[in-house]
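Here are my notes on this model. Please read them with the coordinates open.

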Amino acid sequence: MRLKKVVATALALVMAAGITACGSGGGSAELSITNVSYDPTRELYEEYNKAFEKYYKEKTGKDVEVIQSHGGSGKQARSVVEGADADVVTLALEHDITLIEDAGMIKPGWINEFDLDSSPYTSTIVFLVRKGNPKQIADWNSLITEGVDVITPDPKSSGGAMWNFLAAWHYAMNKFSNDEVQSRDFMSKLYSNVSVMDSGARGSTTTFVENGQGDVLIAWENEAISTMKEYPDDFEIVTPSLSILAQPSVAIVDENADKNGTQELCKEYLQYLYSDEAQEIIAKNGYRPSNKDILNKYSGTFDLNVTLCDIQDFGGWNKAYDDFFADGKIFDEIYTAK
């Protein structure tokens, strides 16, 4: 099974820095760059890297190898700050890249270096349930029902988990007419039903799919789509009435790229994510392409009618992080109460 193979590969490739990495080439390329990414993008970048390497060879005549590293987005960002030699980062949310910027390793203004706030693809948050939906999961309020076992990763290490939390919070604030006390109570009930919080989204998928734990997985849409492709007779996707526009971000780690002499290569690598070829690869891997024509081409894959809030509804990522995920703030208060 693919997930078992991914986990086995990741464990086999654990590096001294505490991250996993796999090269798509054979180590003999003239040039190489390292892409430090988050958990669920393994398969996306395995396919994209091959396409980019071919494109770059045809354009320049030079061989290039792209090395991949994956883990919980927040953990990956901290690994770069602590010395992981990333040339580029493709992380789950803007705030994780801001952490690297604040360490002086990425130049200010990185979010404007590439189109659409340096977000070449988006996703959203859905529910993955077991075939037949035995617990009748229909919306966020289903997740606070007694006896419903919820799987979601830990917001302290996972960017996907932060998107999960914010989507649920926005639903609660809408349901209770912006009453924060009732919304906190709703979130407390939801997290009281969480039985396992892995450090990253892929770990949570493994817990739910491979280990058979839980009644519902709060998941990246791409993870749910990938699981359905592999296990079409075992699971179903439930799209909640309200979710969130999740915008993964990409950036060049300027300090490392300058040191490694890879600035121009890094720009080519991230810019090519916006090409038609890459956008098709993105869609086939369950992410929503930024190219609207290609997105609409895959309307049978994505629910394009779901109501989505976005990070600006929370005042942007800096405010959202400070309000909800900084030490001692709303998530800690809710989870400590649990």
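1. Helix α4 (residues 94-102) and helix α14 (residues 317-325) have axes that come within 9 Å and cross at roughly 95°. The two are therefore roughly perpendicular (65 to 115 degrees). Axes are lines fitted to C-alpha atoms, for helices over the stretch in contact, with angles from 0 to 180 degrees between N-to-C directions. Helices (H or I, at least four residues) and strands (E, at least two) are DSSP runs, numbered from the N terminus.

2. Which residues make this contact? From α4 come E94, H95 and T98; from α14 come W317, N318 and Y321. Contact means heavy atoms within 4.5 Å. By class, two are nonpolar, three polar and one charged. Here Ala, Val, Leu, Ile, Met, Phe, Trp, Tyr, Cys and Pro count as nonpolar, Asp, Glu, Lys and Arg as charged, and the others, Gly among them, as polar.

3. This is a predicted model: local features need pLDDT of at least 70, side-chain atom pairs pLDDT 80 or more, while totals for chains, interfaces and linings use all residues. Residues are numbered from 1 along each chain as its sequence is written, and side-chain values use heavy atoms, without hydrogens and water.

4. Five strands form an open sheet with mixed pairing, in the order β8-β7-β9-β6-β10. β8 (194-196) and β10 (235-238) are the edges; each has a single partner strand, so one side of each lacks a neighbour in the sheet. Helix α9 (residues 221-230) packs on the sheet and touches β6 (125-130), β9 and β10. The direction of α9 makes about 150° with that of β10.

5. M228 sits in helix α9. Beyond neighbours within four places in sequence, M228 contacts L128, F235, E236 and I237. M228 and L128 are 100 residues apart in sequence, yet 8.9 Å apart in space, C-alpha to C-alpha.

Key:
Two strands pair if DSSP finds at least two bridges between them. Angles under 35 degrees count as roughly parallel, over 145 as roughly antiparallel, 65 to 115 as roughly perpendicular and the rest as oblique.
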